[in-house]
Amino acid sequence: MKIISILNHKGGVGKTTFTGSVAQALALTGFRVLAIDNDSQHNLCSLLGVGSRSPNICDFYEARPKEASRILLRAVRKTDLHNLHTITSSKELGDSSVKDILYLKKHIEECGFERYYDYILIDNAPGIDSLQACAIHASDEIFVPTELRQFAVDGLVEMEQVIGERHPKAAQITRIIPNFYKDIKRHNTFLAVLHDLFPRRVTSTCIPLDNVFDEVVTEGKILFLHRLYSKGAAFYLKLVEELFALDEDAVWEQVSGKRREHISTQARNRLKKSAGNKDEKQQQ
Ligand SMILES: Nc1ncnc2c1ncn2[C@@H]1O[C@H](COP(=O)(O)OP(=O)(O)O)[C@@H](O)[C@H]1O
Ligand SMILES: [Mg+2]
């Protein structure tokens, strides 16, 4: 099992979109995935179509030590995808909820998640405070989605220093993922700067700017089942192949197979429903 924190001190850079999309892509590829929402905005649970209910991550942080593992286990919820589970968050979640920086790590181990999951992805709020510290201490790696702008690039250098100085024993930044990419001079210049600053850590796949991410959230749909042929979905699959060293053809086969299954189940349900309605009318 590998635990990955998705982190950036900035908001609006695509952390939640990344966590949700990568979690769904990995689950559709056959991996067992747990996505933890460690942000009081609880956007990840909305993206995964799961409402914020108790017990959630906030109840876990505030639990008595003896009960914490039991609450963490009870906080795990199913999503619409077979292999994907999530732990939701709530607006009450705050830094003051964290009493011990090793708390999440300790209880993930105690719950035996190792037996149930191949990957745990932890979505974080902007900043590097106690909640994020707790996540990175539980993690093996940190993935950082970023915009291609001056302040964003400068901020990453600072962020790396802060993590190294304040949390030398926690996971460190292993991958940087350029988001909102357009093939224009300004973006390509910042991309080159990023490659210079973080050699071998910037993914060669950049996620393009695409409205599809907002559309699927608004419509409550799953990117790879409902909009597989969008630019956004194609680049996310490419990114997942790169980040997790997966075979391109195998990923495509599995995801498109799941999409076919989903469409045929939906069509069958629609047929059943309309046949049911006809029967009802005939009986009246
Ligand atoms: N590649 C992209 N192209 C267009 N919009 C995107 C892209 N990635 C994310 N978004 C949108 O940008 C907004 C912020 O993304 P989000 O993942 O919530 O960022 P964060 O979690 O870092 O605050 C959301 O509306 C999301 O749908
Ligand atoms: Mg977010």
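Mentor: Ala 170, at 9% relative accessibility, counts as buried. One caution: this is a predicted model, where local features need pLDDT of at least 70, side-chain atom pairs count only at pLDDT 80 or more, and totals for chains, interfaces and linings use all residues. Residues are numbered from 1 along each chain as its sequence is written, chains are lettered from A and ligands numbered from 1 in the order in which they are written, and side-chain values use heavy atoms, with hydrogens and water left out.

Trainee: Where does Ala 170 lie?

Mentor: Helices (H or I, at least four residues) and strands (E, at least two) are DSSP runs, numbered from the N terminus. Ala 170 lies in the loop between helix H8 (150-166) and strand S7 (173-178). Its C-alpha atom is 4.5 Å from that of His 137, although the two residues are 33 apart along the chain.

Trainee: How do I read a helix, say H5? Which of its residues are buried?

Mentor: Here's the general idea: an α-helix has 3.6 residues a turn, so residues three or four places apart point the same way. In H5 (residues 103-111), the buried ones are Tyr 103, Leu 104, His 107, Ile 108 and Cys 111. They are on the same side of H5 because they cover an arc of only 125 degrees around the axis (the arc is that of the directions from the helix axis to the C-beta atoms). Turned away from that buried side is the face with Glu 109 and Glu 110, which are exposed. Just after H5 comes Gly 112, with a positive phi of about 70 degrees.

Trainee: Which residues other than glycine have a positive phi?

Mentor: His 42 is one of them, with phi near 35 degrees. You'll find His 42 in the loop between strand S2 (33-38) and H2, and it is partly exposed at 25% relative accessible area. Arg 200 is another, with a phi of about 65 degrees. Arg 200 sits in the loop between H9 and helix H10 (212-219) and is exposed, with a relative accessible area of 77%.

Trainee: What joins Ser 54 and Pro 55?

Mentor: A cis peptide bond, with omega about -10 degrees. Pro 55 is in the loop between helix H2 (43-47) and helix H3 (57-62).

Trainee: How do I read polar contacts?

Mentor: A polar contact is a pair of N or O atoms within 3.5 Å; within protein, one must be able to donate a hydrogen and the other to accept it, and residues adjacent in sequence count only if both atoms are side-chain atoms. The side chains of Ser 97 and Glu 62 make such a contact, at 3.3 Å. Ser 97 is buried, at 1% relative accessibility, in the loop between strand S4 (84-87) and H5.

Trainee: And which atoms lie close to an oxygen atom of ligand 1?

Mentor: Among them are a polar side-chain atom of Thr 16 at 2.8 Å, one of Lys 15 at 2.9 Å, and a backbone N or O atom of Val 13 at 3.1 Å. The protein covers 81% of the 560 Å² of accessible area that ligand 1 has on its own (accessible areas come from the Shrake-Rupley method with a 1.4 Å probe; for residues, only the protein chains shown count as cover).

Note on methods. Buried means under 20% relative accessible area, exposed over 50%, partly exposed in between (1.4 Å probe, protein chains only).
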